[in-house]
Amino acid sequence: MQLELRHLQAVCQIAETGSLGGAARILGVSQPALSAQLRRIERVAGGELFVRGRLGVEPTPLGQFVLAKARRVLSEMDALGAEARALTAGAPLRLGCILLVLVDGLIARQDLALPGREVSVYLEDSVTALVRMLGAGRYDVIVYGEVNDHEVPLPAGVTARTLVPKEPFCIRMSARHPLARLEAVDLADLAEEQWMTLLEDDDGGPEALIEACAKAGFVPSLRYRITDRMMHYDLVSAGRAISLSQPTAPAVAGTVMRPLIGAPMTGRIRLAWNRTTVSAQQAEQFYRSAAHAYLANVDNHPFHRAWWDQHPEAHPVLG
């Protein structure tokens with residue numbers, strides 16, 4: 001038997017997860033099948049690659065040698081695929097997004113960064129679906145958000161980079177709301193409100209909202225699930241609902257944005273890309289385009305500009 005790329009990927013995945021069961025789930029095979037494959041790989045390598053330790057399976061000295069070589073080979077293959085795709089005339093870069101504020105600006109700036117290169121943009125309601133399709137090769141790059149400490153698991157072959165490590169969520173409410181006259185709102189004062197949520201909130205948002213409201217002494221009424229942006233704004237303007245919002249969201253007639261006292265919920269914005277289709281240079285271009293698109297919206301509301309200036313650790317890294 002000769003070693004193939006899938007064998008090297010299996011060895012790396014076992015080392016990264018520390019267990020055959022975990023690696024089998026990620027690779028989409030049964031644990032007995034992966035165990036049998038590992039035994040065949042070890043016969044070719046000439047000895048055991050892993051032994052059971054206190055924290056799961058650990059590589060032997062031979063395993064460490066094979067891992068180092070495997071990672072190098074896989075890295076070179078990733079670079080080969082990305083560079084070959086970049087040279088393919090007319091091949092569009094496929095960008096998958098959750099409906100974040102920066103998306104419109106990112107698309108415009110990316111057109112400038114890659115003149116003449118088509119960028120196909122797709123919007124998804126579910127972060128889980130977005131990440132899964134990135135791993136399956138349906139997308140080249142994705143932009144997504146996470147709430148509080150929630151982390152979206154990423155598939156093999158994907159690299160992620162944090163764009164904005166922290167931004168405080170605020171509240172959008174009707175301009176006629178009694179609390180609209182305040183500069184900042186206490187979450188406890190929103191106990192009787194109807195809340196608007198997204199169709200698919202699998203970024204940790206609902207759990208974070210329920211936890212924050214519980215600390216404030218109430219259970220939120222999550223009544224509306226709407227993805228249409230204009231209908232969303234109309235319902236808020238009419239006073240029928242309030243919604244959490246990114247602090248960079250645009251001003252909308254009939255509504256106001258107010259920060260929450262103590263910032264009980266925060267978001268994080270990340271980029272992830274498939275290493276087989278996106279080169280390091282392209283990933284850097286996407287990062288810079290997204291960063292400038294975000295920065296273009298920081299001044300949408302004075303309260304966020306003030307917060308932003310006080311938190312340089314939240315700024316994108318633009319060397």
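Helix axes are lines fitted to C-alpha atoms over the stretch in contact, and angles between N-to-C directions run from 0 to 180 degrees. The model is predicted, with local features requiring pLDDT of at least 70 and side-chain atom pairs pLDDT 80 or more, while totals for chains, interfaces and linings use all residues. Residues are numbered from 1 along each chain as its sequence is written, and side-chain values use heavy atoms, without hydrogens and water.

Helices H1 (residues 5-17) and H2 (residues 20-27) pack with axes 8 Å apart, at an angle of about 125 degrees; helices are DSSP runs of H or I with at least four residues, strands runs of E with at least two, numbered from the N terminus.

The largest nonpolar core has 27 residues, of which Leu95, Leu102, Val143, Leu163 and Ile269 touch the most other members. Such a core is a set of buried Ala, Val, Leu, Ile, Met, Phe, Trp, Tyr and Cys residues joined through side-chain atoms within 4.5 Å, buried being under 20% relative accessible area with a 1.4 Å probe, protein chains only. Among the elements giving two or more residues to this core are strand E3 (93-97), helix H5 (103-113) and helix H9 (280-295). H9 gives the most, with seven residues. Apart from this core lies another of 19 residues, including Leu187, Ala212, Cys213 and Ile242.

How values were computed. Buried < 20%, exposed > 50% of the residue type's maximum accessible area, 1.4 Å probe, protein only.
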